[in-house]
Amino acid sequence: MHNKQFNETARDNPSHIWIEPTDRCNTRCIHCRHYYSNFGMDMPDEIYRKIEAQVLDGATSLDLIGYGEPLLAKNFEKIFEDCLKRNIEVHTTTNGILLKNDALLEKIVRGGMRLCLSIDGARAETFEFVRPHIKWSWMIEILERIKKCREVFQNEPKAKNFLLRFNFVAMRQNIGDLPELVRLADKYGARAIFVMTLAGVEEPASSASWREKMSEQPLKNSPELVSPAFLQALALAARAGIDLNVPPSFRSLIFEGAERRRGVAGRIKYYTRMIKTGLLYAKRKGAAKTVRKVFESLRFANDIAIQKCFYPWNDAYFAANGDVFPCCVVVEKMGNLNAQDWREIWNGLPYRNLRRTIHGWNPTAVCRYCGFAPGINGGDERRYAKYFSKFQRENISLEAPNINFSEGFYPLEKKPDGSPSHRWMSKRGCLLLRPKKGAQFLRLLINPRCFDDLNPGLCRINGGAPHYFDNTCEDINIPIGDVSGDCIEINIEMEKTYQAVNDARDLALPVRGVQYLFA
């Protein structure tokens, strides 16, 4: 496909789109913003009509998903029917409450939808802790309804494409239920369980009581809970032919177990669990895919990213209010359909910036720390930081004689105590310095988003190929390991300039520090 050639602009429309038909919800799950705040709207008809007219014909698959309950949306069935006419594969994620409506359930099954049920427990105690407004008995009733409906229409052509899977947000309260959830999936015909890590417990908008309640729920420091639950669940899933995903951040927890790799016995158990997990993966995915996975991990072991991400070229997420994002993770808005035409958004500056930075040394902030499995980090949000943690740092003073902030940089500004603060750069600037033996990168420390706006930039080292970055991060890493000669000339150019209050200067980039990075 043309879009996979990683051009800055995309010729084709996205092949996969996400539509948030509503962000209203009919329940209050403990790990969701709806638990502690009231909000919600259906996607206006005029926004959906734009998507239908300008985007839908290019799609092969579509997710009806978002911050709300999709089945609540007034236009849910219309969107589904529009997709069926175009042979678009439709997925949706639901809490299941509205599947008590037999007519709606029949339409979903007979239309061959990929249905994902959010089930965060396999017992009343755990399920109702996470979803306090849904009774566990209701969920069992819904699963029975789905099973019976599938049996009635199983021989219809489109119904044969119907697929059921579960979503499970893992936390301290429910991780022990994972093996039983696999048994439940097998009983009711769910072929996959997608496990997600708990995130957002420090959400600034949340209440203090909510943060306190959730503070002990993340599992990032609980291998003694994660390991036995996953090992048992993976064994059950392999026997049942169920695809149980392991969040990348949980892999080391599974291997560590209660021993946390301490002592000889702990290390032996660590590698024993690693081999056992690998064998279960091979049983589930096949030997060929397992071998490819191992070689990929070795191949990218020393790289900044573990894989290519295709979302900026092949995906678009349409929020209920018309905002457009490149996926369900990136919070950097690409545009809004209330104010812009789709083509203006699809190849506008935010999308182009995302495409040219995502596979370079300086991905935009949210991609840099992305924990989404298909993203550049393979689900390990710490990968970028871990890559640069192996380098030794040497600070260079902004007043040092061996670095020359040349044309385009304004005079050094100082803090009240007289120490260096930062240097503003205008739209273009030039930095001159001498190479340092063993230095692999020059890192510029910046103040991100000083004017609360995305500002893309590029730099060229001694007139070479451009390295792209933007102002969403606190540092810009410029590779200098292969630079030869007695002087390094770094030319920087930003897309936009701004003016501060009572300041007539054109301001683009504030540099507050410089470092050499040594391997």
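**Entry 1: Thr27**

I began with Thr27, which counts as buried because its relative accessibility is 2%, where the cut-off for buried is under 20%. I note here that the model is a predicted one. Thr27 sits in the loop that runs between β1 (16–19) and α1 (45–54). I then asked which residues Thr27 is in contact with, leaving aside its neighbours within four places in sequence. I found His34, Asn95, Ile97, His133 and Ile134.

**Entry 2: the five-stranded sheet**

I looked up the order of the strands in the open sheet and read β12-β15-β20-β17-β18, five strands with antiparallel pairing. At the edges I found β12 (403–405) and β18 (466–470), each of which pairs on one side only. From one strand to the next, the twist averages 20°.

Strand β17 (residues 456–461) runs antiparallel to β18, and five bridges join the two. For one of the residues I noted the partner: Gly457 is bridged to Phe469 in β18.

**Entry 3: helix α14**

Next I asked which helix lies across β17 and β18. It is helix α14 (residues 349–357), and its direction makes an angle of about 125° with β18. I checked how covered α14 is and counted eight of its nine residues as buried. I listed the buried residues as Leu349, Pro350, Tyr351, Asn353, Leu354, Arg355, Arg356 and Thr357.

**Entry 4: strand β16 and its two partners**

I turned to strand β16 (residues 439–446), which is mostly covered, with seven of its eight residues buried. I found that β16 pairs with strand β21 (residues 509–518) in the antiparallel sense, over seven bridges. In that pairing, Ile446 has Val511 of β21 as its bridge partner. I also found an antiparallel pairing of β16 with strand β19 (residues 475–479), over five bridges. Here Leu444 stands opposite Ile476 of β19.

**Entry 5: helix α8 against α10**

I looked up how helix α8 (residues 223–240) packs with helix α10 (residues 263–285), and read an angle of about 25° and a distance of 9 Å between their axes. The two helices are therefore roughly parallel to each other, since angles under 35 degrees count as such. The crossing of α8 over α10 is left-handed. On the α8 side I listed Ser227, Leu231, Leu234, Ala235, Ala238 and Arg239 as making the contact, and on the α10 side Arg273, Lys276, Thr277, Leu280, Lys283 and Arg284. Sorted by class, this contact of α8 with α10 holds five nonpolar, two polar and five charged residues.

**Entry 6: helix α6 against α8**

I then asked at what angle α6 and α8 cross. The axes of helix α6 (residues 178–188) and α8 cross at roughly 15° and come within 8 Å. That angle makes α6 roughly parallel to α8. I recorded the crossing of α6 and α8 as right-handed. From α6 the contact takes in Leu178, Pro179, Val182, Arg183 and Asp186. From α8 it takes in Ala229, Phe230, Gln232, Ala233, Leu236, Ala237 and Ala240. By class, I have nine nonpolar, one polar and two charged residues for the contact of α6 with α8.

Definitions and conventions:
Residues numbered from 1 in each chain as written. Predicted model: local features only at pLDDT ≥ 70, side-chain atom pairs only at ≥ 80, totals over all residues. Heavy atoms only, no water. Pairing = 2+ DSSP bridges. Helix = DSSP H or I, 4+ residues; strand = E, 2+ residues; numbered from the N terminus. Axes fitted to C-alpha atoms, helices over the stretch in contact; angles between N-to-C directions. Contact = heavy atoms within 4.5 Å. Buried < 20%, exposed > 50% of the residue type's maximum accessible area, 1.4 Å probe, protein only. Parallel < 35°, antiparallel > 145°, perpendicular 65-115°, else oblique. Left-handed = near helix turned anticlockwise from the far one by under 90°. Nonpolar A, V, L, I, M, F, W, Y, C, P; charged D, E, K, R; others polar.
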